[in-house]
Amino acid sequence: MDFIERLNRANGRLKAARIRVRLQVLNQKLYARGTFPPAPGSTKEAPHQQRIALGLPANPRGLALAEEQAKGIGVALEAGRFDWAAYRGDRAETVGDWIERFRRRWRGAAITWQTDYQQPFNKLPLDAPLTLALLEQVAEKKTEEDSRARLRACNAYRQLAEFAGLPGEGFAQLKGSYSSAAVDPRSLPSDEQIAGWRAAITEPGWRWLFGMLATYGLRPHEAYSLDLADFPTVRVHEATKTGARFVWPLYPEWATGWQLATVTMPPLENIAGYSNAQLGTKTAKGFNRLGLCQPYDLRHSFARRCLEFGYSPEFGAKLMGHSPETHCKVYRRWIDEGTYWAIYQAGLQRGDRPRPPA
């Protein structure tokens with residue numbers, strides 16, 4: 001008898017006994033699912049469908065123990081004596097406790113922790129008990145739908161939940177449809193549009209910043225701490241998202257003709273005191289006020305230009321400061337189409353290619 005059949009039989013026995021709890025398997029762990037009172041920290045007032053992590057493996061021995069626990073939960077519900085504290089164990093610790101545990105176990109670059117984890121965690125009430133309901137409510141209420149912030153929050157909260165032994169699959173739907181891989185090259189501005197927008201900017205600081213992002217394909221925050229000693233080569237600072245790198249302009253004429261060697265920062269107060277994310281937000285707001293495209297459109301246009309110039313994905317990835325794997329993931333459709341288009345064009349231009357019949 002396979003495990004799924006055993007699980008179905010256990011749930012059948014619970015149903016026959018009129019126990020209002022069912023067992024589920026998530027990530028090889030057993031959970032009790034039913035209509036329970038709001039968990040600690042939840043903003044909901046009425047009982048609703050929730051899961052309880054039983055801390056048992058999805059094997060025959062674990063299933064036998066889980067069935068007994070499900071019966072106990074059902075009896076407590078029926079008698080009106082259900083208490084979350086009896087079933088949460090260590091999971092009754094606060095959000096702050098779990099974040100600190102998670103941080104100590106986490107391995108990665110400091111800038112990645114600050115951007116992808118600490119910022120979403122800052123939205124959470126640190127003294128509240130950690131519950132799925134709380135994490136989902138914060139993600140939904142404090143980030144915009146289908147936004148990068150929503151995606152980042154859901155990824156961080158899912159990992160925190162699973163680290164604490166709570167099921168995190170619900171975040172897959174909550175995170176929405178945002179994806180950097182969804183960039184459509186046909187929606188990006190042409191190089192003629194980019195040059196025209198830049199020429200129309202009257203504020204020197206914003207004109208310089210727009211020119212730097214367009215010419216070098218930088219992330220917005222990277223432009224605020226560049227080394228121009230080897231101009232027109234620019235060197236990105238170590239403290240940025242992916243560390244130090246050099247970048248060459250695909251249009252050297254833009255670099256020199258737009259006088260980008262003369263640094264003129266936008267009129268933002270206390271630039272040095274802003275985080276990378278804050279600099280990105282300030283840049284986006286400034287572009288929006290001036291009626292320009294999104295800052296990242298200029299970075300994506302740089303990637304498109306790399307392809308149009310015939311450079312390999314590895315070369316483009318090096319200039320843009322991410323791995324070839326990330327580059328191909330984000331721009332896969334462009335690279336595939338561009339490669340075949342180049343082969344097609346080369347075939348058409350062959351002097352000895354077959355000719356159509358008259």
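Predicted model: local features only at pLDDT ≥ 70, side-chain atom pairs only at ≥ 80, totals over all residues.
Residues are numbered from 1 along each chain as its sequence is written, and side-chain values use heavy atoms, with hydrogens and water left out. The chain has 15 helices and 6 strands; these are DSSP runs numbered from the N terminus, with helices being H or I of at least four residues and strands E of at least two.

**Overall packing**

- Of the 358 residues in the chain, 41% are buried. Buried means under 20% relative accessible area, exposed over 50%, and partly exposed in between, using a 1.4 Å probe and protein chains only.
- Take the contacts (heavy atoms within 4.5 Å) between residues at least 6 apart in sequence: 62% of them join residues at least 24 apart.

**Strands**

- Strands β1 (residues 21–26) and β2 (residues 29–36) run antiparallel and share 6 bridges. Pairing here takes at least two DSSP bridges between two strands.
- Within that pair, Arg22 faces Arg33 of β2. The hairpin has 2 residues between its strands, and Asn27 has a positive phi near 55° there.
- Further along there's an open sheet of 3 strands, ordered β4-β5-β6 with antiparallel pairing. Since β4 (226–227) and β6 (245–247) each have a single partner strand, they stand at the edges, and one side of each is left without a neighbour in the sheet.
- The link from β5 (residues 234–236) to β6 is made by 3 bridges, and Arg235 sits opposite Phe246 of β6.

**Aromatic packing**

- There are 21 aromatic pairs. The rule takes rings of Phe, Tyr and Trp (its six-membered ring) with centres within 6.5 Å, calling planes under 30 degrees apart stacked, over 60 edge-to-face and the rest tilted.
- Phe102 and Phe163 make an edge-to-face pair, because their planes are at 75°, with ring centres 5.6 Å apart. This pair bridges distant parts of the chain, with Phe102 in α4 (residues 95–105) and Phe163 in α7 (residues 148–163), 61 residues apart.
- Phe102 is buried at 7% relative accessibility, while Phe163 is partly exposed at 28%.
- Trp106 and Trp113 are a tilted pair, with centres 5.5 Å apart and planes at 55°. Trp106 is buried at 17%, and Trp113 is buried at 10%.
- One aromatic cluster takes in Trp98, Phe102, Trp106, Trp113, Tyr117, Phe121, Tyr157 and Phe163.

**Helix α4**

- Its buried residues are Val95, Trp98, Ile99 and Phe102. Looking down the axis of α4, they fall within an arc of 100°, so they line one face of the helix; the arc is taken over directions from the helix axis to the C-beta atoms.
- Those buried residues pack against α5 (110–121), α6 (132–142) and α7.

**Two buried arginines**

- Arg305 belongs to helix α13 (residues 295–308) and is buried at 1% relative accessibility.
- The side chain of Arg305 reaches the backbone oxygen of Ala214 at 3.3 Å. A polar contact is a pair of N or O atoms within 3.5 Å; within protein, one must be able to donate a hydrogen and the other to accept it, and residues adjacent in sequence count only if both atoms are side-chain atoms.
- Leaving out residues up to four places away in sequence, Arg305 touches Asp191, Ile194, Ala214, Leu250, Tyr251 and Trp254.
- Arg152, in helix α7, is buried at 18%. With that sequence exclusion, Arg152 touches Thr115, Asp116, Gln119 and Pro120.

- Most residues other than glycine have a negative phi, and most peptide bonds are trans.
- Phe231 and Pro232 are joined by a cis peptide bond, omega about 15°; Pro232 is in the loop between β4 and β5.
- Arg18, not a glycine, has a positive phi of about 60°. Arg18 lies in the loop between α1 (3–16) and β1 and is exposed at 74%.
- Gln259 has a positive phi near 55°. Gln259 is in the loop between α11 (252–257) and α12 (276–289) and is exposed at 56%.
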